[in-house]
Amino acid sequence: MECMIAKPSKGAAGKTGLWRTFKPIYHPERCNLCQLCWLYCPENVIDVSEDGITIDYEYCKGCGICAKICVKNAIEMVREEET
Amino acid sequence: MRKILTGNYAVAEAVKLADVEFIAAYPITPQTTIVERLAEMVERGELNAEFVRVESEHSALAAVYGASAGGLRAFTATSSHGLLYMYEMCWWVANSRLPVVMAVVTRTIGPPWNIHTEHTDILTLRDTGWIIAMSENAQEALDLTLLGFKIAEQVNLPFAIGLDGFQVSHTAEVVDVPESLDGFLPKRERFFVIEPGNPITVGGLTENECSMTIRKEMAKDMERVGELVRNSGYVRDYDLVEEYRMEDAEYVVISMGAWCGDMKDAIDILREKGVQIGMLRLRFVRPFPKEFVEKLDCKVLVVDRNYSVGLGGIIATEVKSIANCDVHGIVAGLGGVDVGVDDFVSMFRKFVRGELKGWWP
């Protein structure tokens with residue numbers, strides 16, 4: 001039953017960033033590094049450093065939870081074809 | 001040690017002997033007294049198991065699923081509508097290869113509400129991948145429960161033991177309860193390990209081929225069950241079937257469950273009158289005892305206490321797909337309608353004369 005057991009690994013389901021309709025765009029000037037987006041991201045694609053956050057667009061599915069949770073409106077969801 | 005026990009209490013004794021570590025169940029007649037007795041055993045400290053009370057049968061088997069996946073020896077019991085309510089989880093347990101043992105006290109599925117025995121409920125497990133055994137009496141209910149843990153853990157498939165509602169579940173008989181198991185049931189070995197710090201997901205979305213592989217692997221392990229039952233090392237010998245007065249039989253009755261005791265009485269009566277009749281009692285439905293049916297060379301009567309609307313008795317249909325001789329199926333005793341020794345004598349007589357129809361009465 002090996003095929004039925006999954007171990008956590010990066011991109012186990014392929015490049016899920018391709019599923020995205022809306023892309024989270026980061027505005028560092030508004031960010032206060034509260035890290036709520038990092039905490040809430042269901043895909044674990046947000047990295048935080050002293051300089052701000054980075055989003056791994058190869059695996060971000062564009063769910064928008066980070067933008068919704070951000071109190072400083074530092075993440076904006078933009079339609080893919082408009083970015 | 002010989003004790004007077006109902007079938008349900010015999011199952012509870014077996015669960016205690018097996019040192020089961022986790023029990024979750026929801027009450028339903030006629031199963032309730034199994035888990036009632038187990039709750040008492042846990043309360044008195046005779047059985048060191050976690051007893052989880054749940055709000056439904058679906059939750060009961062879901063909890064048992066989790067416990068078994070985590071490595072515990074786990075048990076549940078149900079009947080009829082309870083089994084149907086947990087049906088989805090039955091498939092999860094089977095395909096996840098969890099050696100759960102469950103007693104199914106057979107009961108008619110409604111409507112109309114009916115608490116008496118019929119085998120259609122346990123036969124809904126037929127295609128799931130559970131090993132399915134059917135006891136004739138309290139002794140066998142105890143033995144098959146113990147055998148259940150042994151076999152389930154050897155092949156990593158869940159095991160269901162059927163007991164006819166009231167006829168086995170609530171009828172007290174003398175039962176020989178083993179004093180100890182002498183290493184018959186060693187500590188369970190896990191097929192896969194779920195533990196903190198080493199997370200895995202079982203059964204997530206995957207490629208289509210995996211679904212097919214899983215079922216093929218299950219089929220292969222199911223095929224080992226017959227041999228393992230015959231060589232289990234249990235205090236009593238068992239096989240997938242019981243052959244009763246089969247020597248020189250020209251007529252053979254195939255059936256399962258409690259009423260086979262009455263059928264044997266009827267066979268004895270007819271044997272005294274010179275009718276060469278015997279019985280092949282199915283102790284297991286899955287794996288189906290194909291090798292015993294294939295070699296039959298006589299006229300076969302299958303008596304089904306179950307019914308698949310639109311085709312016929314379920315066991316008769318299966319026997320017909322395997323047997324190399326004439327098979328006649330009859331449906332009887334649905335809804336717990338009483339069928340006794342006299343009925344079987346006259347049923348078998350009509351069968352021998354070739355006058356039997358498809359329903360009794």
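How much area is buried between chain A and chain B, and what share of it do carbon and sulfur atoms give? In this predicted model, the buried area comes to about 930 Å², and carbon and sulfur atoms give 74% of it. On chain A's side, M1(A), C3(A) and M4(A) supply 67% of the area that this chain buries against chain B, more than any other three residues. Seven residues of chain A take part in the contact, together with 16 residues of chain B.

Strand β1 of chain A (residues 5-6) runs antiparallel to strand β9 of chain B (residues 201-202), and two bridges join them. Here I5(A) stands opposite V202(B).

Now turn to chain B, where six strands form an open sheet in the order β10-β12-β11-β14-β15-β16, with mixed pairing. β10 (241-244) and β16 (359-360) of chain B stand at the edges with a single partner strand each, so one side of each is left without a neighbour in the sheet. For β16(B), two bridges join it to β15 (residues 327-332) of chain B in a parallel arrangement, with A332(B) opposite W360(B). Helix α12 of chain B (residues 314-322) packs on this sheet, touching β11, β12, β14 and β15 of chain B. The direction of α12(B) makes about 150° with that of β14(B).

Technical notes:
Residues numbered from 1 in each chain as written. Chains lettered and ligands numbered in written order. Predicted model: local features only at pLDDT ≥ 70, side-chain atom pairs only at ≥ 80, totals over all residues. Heavy atoms only, no water. Contact = heavy atoms within 4.5 Å. Buried area = accessible area lost by both parts, 1.4 Å probe. Pairing = 2+ DSSP bridges. Helix = DSSP H or I, 4+ residues; strand = E, 2+ residues; numbered from the N terminus. Axes fitted to C-alpha atoms, helices over the stretch in contact; angles between N-to-C directions.
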